[in-house]
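Please look at the sequence and the model before reading on.

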Amino acid sequence: MRLDMAAIRRGCPNCEIRSFRHLCGAELDHFRNAAKADSPLMVACTQQAAQFTDAIGERPGGITFVNIRETAGWSREGANAGAKMAALLAAAAIPAPDYPLVTLSSEGIILIYGHDEAAVDVGRLLAGHLDVTVMLKQPADVTPPATAVFPIVKGTIQNARGHFGAFELTIDDYARSRPSSRDRFVFEAPRNGATSRCDLVLDLSGEPPLFPAHDLRDGYLRADPRDPAAVLRAVLAARDLVGSFDKPKYVEFTPSLCAHSRSKLTGCHRCLDLCPTGAITPAGDHVAVNAEVCAGCGQCAAACPTGAASYTQPPADTQLQILRAMLLTYQEAGGTHPVLLLHDSQHGTPLIDALARHGDGLHANVLPLTVNELTQVGLEAIIGAFAYGAAAVRFLLRAKPRHGVTGLLLTISMAETILAGLGFDGRRVATIETDDPDALAEQLTGIGNLAGLETPATFRTVGKRSDLLRFGLSELHRLAPKTVDVIALPEGAPIGAITVDTGGCTLCLSCVSACPTGALRADPERPVLKFVEDACVQCGLCESTCPEKVIRLKPQIDFRARRAPAQIIKEEEPALCVRCGTPFGVKSTIDRIATELEGRHWMYPAGDKRLNVLRMCADCRVIVMSEQQFDPFKGVPERAPPRTTDDYLRRRENKD
């Protein structure tokens, strides 16, 4: 592997950089000496990370290991990959904050669910390690074992919920086997609606999985009973799942920022639509995220318009800092036409390794960046990448993803629309969906020499995704090839405006009380509806709350919105109290109510002075009614007595 040390030093000018030919062998003492210093230490090798760590033991500040071999040096263009190597080193130097953990515990209680003796055989394999129960669905000729080592029952799982360490199953046709069973199992009388609780479920039924996105449900193991190798892998995995285990708390949730619902009317439901595991459920005005079930796909955080849901691995602002370091360093080191390749470690890393070892490797301008889940990447990261000079962005997906990627595809669609509107030609953002390293190389080759910004932005920023997105859009707009003020966006975008049929609007201001971000505002001095587009997150609460149904969402970017004052949507003359002169409502609404009621309602006969109370403020209305000893029941028309149950029963008998 050839090293362009000049390019690496240009990209990392404030670092002491040294190169070696056999650092993990004959030159290991150089590493030991470097490790004695107090400054941060980075080793551009991951293969021998364990050896380096063992050579010095614990070190304050630790060691950062970076792979520049499969990702850069082992390539047909490896001799020109110095700028890429500098970029990879710079990205790895950005520290990621600690993230919270969730502890899940298992006592090893497992339910094995199958049809025949294959499930019983698996029970025998696990009986010495776990607390086993075997449940057979509609068993046929299954010979009972001579010794009852574990319970064998029959039943059909109708519903499954819960998580590793706390599964709850609803079972129909449940029955225990009789000890007197001879050549085949004989069961007790079955019953429906039985409940079973266990720590683990091993599903050998060969039927559709019990959970959505079942591959992401910890503790739920599934194998085709006709595949002995798959069954053995499931057995080995189950055997070790006893004790307490920590998993990341992938999503931090702030209920007060959630725009899901107000007054039992639904607004934003993006996260509910996208969550593949069902970890998110409505909980009144907001949603709740079950951290034990959450598998960390990050689609909720990427789509959340208010920042109520935020991803922790890493947070959005840290991810943007990594992109900034990578792209700016690459260009400072002399690199051109950077293509950002986002991938995960389970699928993308082995594919890149295979391409490096058995193919031509990645191009020198393709910058690979590992993320926990590709679906965690939000619009702010893509916009930020182009503001920092990326020429193209590609997402490396499995040919058949483990869970839905609808959220990511919507994000890509929005990014493409924005970039095209700002004058970036060609296909700038796309997915590469393959399990073949040669197909990966071919699709990367087809990108072409797309150019990024000549003078990239250098901004630093922290905060929620919505803040990062607005600032990134502003910077990209400032530097883009084409200057436009407004770009229409696809439905579901987290930014935009509203349209109001002002002719039907009564200025009831229900929308103002429902708006969670203050985008819709009132004025305490006069009847007016104002709108601040920069604060709108397109949650839809105003649309669902409006009693006249005159509000519609309008997803768009107006780059003038950040500096624009509040827009007056509708303003009317106030109604003044006829007794004290205090403004108390909308004059047109009060006039319409008075016109509708006068002479048409028993309380307000035509020409009666009672009608004046409708034109008074609340305080004066109470005073006048008290002075006039107003009896609200006087003159109430006689009505038929209320119907009782007996009345309905008699009516039904008469019909019969």
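## Strands and their partners

Strand 6 and strand 7 form a hairpin with two residues between them, and Gly165 in the turn has a positive phi of about 90 degrees. The model is a predicted one, in which local features need pLDDT of at least 70 and side-chain atom pairs count only at pLDDT 80 or more, while totals for chains, interfaces and linings use all residues. Residues are numbered from 1 along each chain as its sequence is written, and side-chain values use heavy atoms, with hydrogens and water left out.

Helices (H or I, at least four residues) and strands (E, at least two) are DSSP runs, numbered from the N terminus. Two strands pair if DSSP finds at least two bridges between them.

Ile157 stands opposite Ile171 in strand 7. Strand 6 also pairs with strand 5 (residues 131-136), here in the parallel sense and over three bridges. Val134 stands opposite Ile152 in strand 6.

How many of the 12 residues of strand 6 are buried? Buried means under 20% relative accessible area, exposed means over 50%, and partly exposed lies in between (1.4 Å probe, protein chains only). Nine of the 12 residues of strand 6 (residues 152-163) are buried, so this strand is largely enclosed by the rest of the structure.

An open sheet of three strands has the order 22-26-23, with antiparallel pairing. Its edge strands are strand 22 (486-488) and strand 23 (496-500), each of which pairs on one side only. The twist averages 45 degrees from one strand to the next; axes are lines fitted to C-alpha atoms, for helices over the stretch in contact, and angles run from 0 to 180 degrees between N-to-C directions.

Strand 22 is joined to strand 26 (residues 551-558) by three bridges, and Ala488 has Gln556 as its bridge partner in strand 26. Five bridges join strand 23 to strand 26, where Val500 stands opposite Ile551. Four of the five residues of strand 23 are buried, so strand 23 is largely enclosed by the rest of the structure.

## Aromatic pairs

A pair of aromatic rings is described by the distance of the centres and the angle of the planes. Rings of Phe, Tyr and Trp (its six-membered ring) pair if their centres lie within 6.5 Å; planes under 30 degrees apart count as stacked, over 60 as edge-to-face and the rest as tilted. A search of the whole structure finds 10 aromatic pairs. Two of these pairs are listed here.

| Pair | Centre to centre | Angle between planes | Type |
|---|---|---|---|
| Phe211 and Tyr220 | 5.1 Å | 70 degrees | edge-to-face |
| Phe459 and Phe471 | 5.2 Å | 65 degrees | edge-to-face |

The second pair links distant parts of the chain: Phe459 is in the loop between helix 14 (437-445) and helix 15 (465-479), and Phe471 is in helix 15, 12 residues apart. Phe459 is buried, with a relative accessible area of 8%, whereas Phe471 counts as partly exposed at 29%. In the other pair, Phe211 is buried at 4% relative accessibility, and Tyr220 is buried at 5%. Elsewhere, Phe31, Phe52 and Phe65 form one aromatic cluster.

## Cavities

On a 1 Å grid over the protein atoms alone, a cavity is a set of points where a 1.4 Å probe fits but cannot get out, and lining residues have an atom within 4 Å of a point. Grid points are joined across faces, edges and corners, and a volume is the space filled by probe spheres set on the points. The structure holds seven cavities of 30 Å³ or more.

The largest cavity holds about 150 Å³ of space, and its lining includes Asp344, Glu373, Arg398 and His403. The second largest cavity has a volume of about 130 Å³. Of the 17 residues that line the second largest cavity, the closest to its centre are Cys258, Cys268, Cys271, Val287 and Cys304.

## Backbone exceptions

Most residues other than glycine have a negative phi, and most peptide bonds are trans. A cis peptide bond joins Gln313 and Pro314, with omega of about -10 degrees. Gln138 has a positive phi near 45 degrees and is exposed at 61% relative accessibility. Ser263 has a positive phi near 55 degrees and is exposed at 67%.

Key. 1 Å grid on protein atoms, 1.4 Å probe; cavity = no way out; pocket = protein on both sides within 12 Å on 5 of 7 lines; lining within 4 Å.
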